[in-house]
Amino acid sequence: MPEGPLLRFQDVNTYYGDLHVLKDVNYSIASGEIVSLLGGNASGKSTTMKTIMGVVRPRTGSVIFDGVPIEKMSTADRVKRGIAPVLEARRLFPRMTVFENLEMGAYTRKRGPEFAEDLERVYSLFPRVKERLNQVSGTLSGGEQQMVAIGRALMARPRLICMDEPSMGLSPRFVEQVFDIIQEINRQGTTIFMVEQNANMALSIAHRAYVLQTGKVVLSGSAAALRRDPAIREAYLGELQVIPGQVDTDSPPVSSRIRAPVAPP
Amino acid sequence: MALSDLLLQQTINGLSLGAMYALLALGFTLVYGILELINFSHFNVFMVGSFIGLWTLQLMGINGQAVVMTGLPLIGVMMTALVVTMVLSGGLGVLIERLSLRPLRDVKGPAPMITTIGVSYVLFNIVLLTVGADSKNYPNPLPPVQFAIGDAVLRLREILIWVIAVLLMLGLHLFVQRSRMGKAMRATAQDPEAARMMGVEVDRVIVIAFFLGSALAGAGGLIFGLYYNFTSFIIGFNAGLRAFTAAVLGGIGNVPGAMLGGVIIGLIEAMGAQFIASAWTDVIIFSILVLVLVFRPAGLLGRVAPNKS
């Protein structure tokens, strides 16, 4: 295995038409880490995930996975190299069964003993999934769907899982369960890059985190340090939403520029 | 003829027409399910398929109805005609997708649909200008075997049409439900972006959908010729419109819906011609379509709104 980080963003700029979404963004994620990406609405979090998966391509800059630039590769080639997504709002194939959804996770891989091994791994992490194998996934509860969505990502036998809002729409009890399982998956050797609104939970399991605001990385560091940062506490750990934009040019230091809204929407 | 025999006879006729419409309707539904595109070139892929079948049979030395075959030679000739027609028609569909639709993949609005109308006219006129406007006698080596059931008659050609249609639809069903590519097709139809992020190459899925749909249309064209003993450059419009209606009636995008819709349209056409008047067939078919859509806008087996969550 080459030395260096598993995933690196090097001065990445991503646009939607004229809209400049990611601005000179740099990330570096080492093998074995859980890294969390925090930020308000429209800060570029989901665009980061789409840039990793190749759904949007950076205009400039480089995305390097395992030492190889991947920014020009097709999504399928990225999946084959070992990147799997857990998509925002789960995005299961609603009229396919749970088992078929898991099969789709392993779409780029050959069927064989490894497929059975991976199924067993998913069943041991999520016994509930095994009970629901032949159920049409659109009829599952939100929590069950999230289990299948994570299981589906594991079926790709990925080295890196990109998670977009794994706690979204789940009951608090379920959120804790999901985060426990994310930690367990990480302990089994999979690197995790996670976008999460629930900063409290995210920082409690992450090793490190980046804070994104209107397309720029404004803060990064160890999860423990970020949890102590007063601006982070105000902006995220109270779980208020951050209003993006309106950054004064002659403003005080970076961390105090992260604003809490006057009134939550 | 007693009423029950009339009903039986028209059921036999209707199921044969229905089998043809169902094969054709599947092509509309496969492409719509994935691209949300109504592919009007499908009308004339069916027509071209009918001519491919005609030429294939002629190349095997079968002209008109004079050559009668039985047993293994008959099965061999029919299989060959079917396979060649389906492969070449499928290839035509792939070519249409590559040349005229892929360049428009990211164009929003009705442009791709209008393009398919244009392609349809191109095919129509190429056949008109090269083979002529007259109807062609269709080679048919089937022996004139028939079974009388009361006063109703069941001919060998009807049995053949049903067997071909049922086998093809069963094959398609198994492909879509069981194969890796079939699952990728369903996943793409349900959530294209998520399918892509599983590593599905969506362009390939689209090519397969065009190939399968066009191959089935070719089979439908061959069936048309064997059933009516003629083909012509003009057959695509009526059959295509009825098959499209069948797809909408069953719920466009829904594979079993297309089969059901095809059979229903075929039966309506046959019964309408018997009990009302064949000139009124279109009025009846399209009135029923309007009624179904008023009360079930998504079609008989369709879902009201695509669930993409």
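How many aromatic pairs are there over all chains? The count comes to 17 aromatic pairs over all chains. The model described here is predicted.

**An aromatic pair in chain A**

A pair of aromatic rings is described by the distance of the centres and the angle of the planes. For Tyr27(A) and Tyr210(A), the ring centres are 5.1 Å apart and the planes meet at 75°, so this pair is edge-to-face; the cut-off for that label is an angle over 60 degrees. The two residues belong to distant parts of the chain, 183 residues apart. Tyr27(A) is in strand β2 (residues 19-29) of chain A, and Tyr210(A) is in strand β9 (residues 208-213) of chain A. Tyr27(A) is buried, with a relative accessible area of 2%, and Tyr210(A) is buried too, at 6%.

**Other rings and charges**

In chain B, ring pairs join Phe28(B), Phe40(B), Phe43(B), Phe237(B) and Phe244(B) into a cluster. Arg111(A) lies over the face of Phe115(A), 3.8 Å from the ring centre. The charged end of Arg180(B) sits over the ring of Tyr107(A), 4.1 Å from the centre of that ring.

**Nonpolar cores**

The largest nonpolar core has 120 residues. Leu7(A), Phe9(A), Met104(A) and Phe193(A) have the most contacts inside this core. Helix α8 (residues 202-228) of chain B gives the most to the core, with 15 residues. Domain 1 (1-82 + 159-174 + 190-265) and domain 2 (92-157) of chain A each supply at least three residues to the core.

What does Leu7(A) touch, not counting residues up to four places away in sequence? Its contacts are Tyr27(A), Ser28(A), Ile29(A), Ile52(A), Val63(A), Ile64(A), Phe65(A), Leu160(A) and Phe193(A).

**Chain A: strands and burial**

Chain A has 10 helices and 10 strands. Of its 265 residues, 54% are buried. Among contacts in chain A with a separation of 6 or more, 67% are between residues 24 or more positions apart.

Strand β6 (residues 83-86) of chain A is covered on both faces. Ile83(A) and Pro85(A) are buried on one side, and Ala84(A) and Val86(A) are buried on the other. Strand β6(A) runs parallel to strand β7 (residues 160-164) of chain A, and 4 bridges join the two. Pro85(A) has Cys162(A) as its bridge partner in β7(A).

Thr97(A) lies in the loop between β6 and α3 (98-105) of chain A. Arg242(B) is placed in helix α9 (residues 235-250) of chain B. Is each of these residues buried or exposed? Thr97(A) has a relative accessible area of 18%, so this residue counts as buried, since the cut-off is under 20%. Arg242(B) is likewise buried, at 10%.

| Residue | Relative accessible area | Residues in contact (within 4.5 Å) |
|---|---|---|
| Thr97(A) | 18% | Leu133(A), Asn134(A), Gln135(A), Val136(A), Ser137(A) |
| Arg242(B) | 10% | Tyr21(B), Ile265(B), Glu269(B), Thr281(B), Asp282(B), Ile285(B) |

Key
Residues are numbered from 1 along each chain as its sequence is written. Chains are lettered from A and ligands numbered from 1 in the order in which they are written. This is a predicted model: local features need pLDDT of at least 70, side-chain atom pairs count only at pLDDT 80 or more; totals for chains, interfaces and linings use all residues. Side-chain values use heavy atoms; hydrogens and water are left out. Rings of Phe, Tyr and Trp (its six-membered ring) pair if their centres lie within 6.5 Å; planes under 30 degrees apart count as stacked, over 60 as edge-to-face and the rest as tilted. Buried means under 20% relative accessible area, exposed over 50%, partly exposed in between (1.4 Å probe, protein chains only). A charge sits over a ring if NZ of Lys or CZ of Arg is within 6 Å of the ring centre and within 35 degrees of the ring normal. A nonpolar core is a set of buried Ala, Val, Leu, Ile, Met, Phe, Trp, Tyr and Cys residues joined through side-chain atoms within 4.5 Å. Domain bounds come from an automatic or database domain assignment. Two strands pair if DSSP finds at least two bridges between them.
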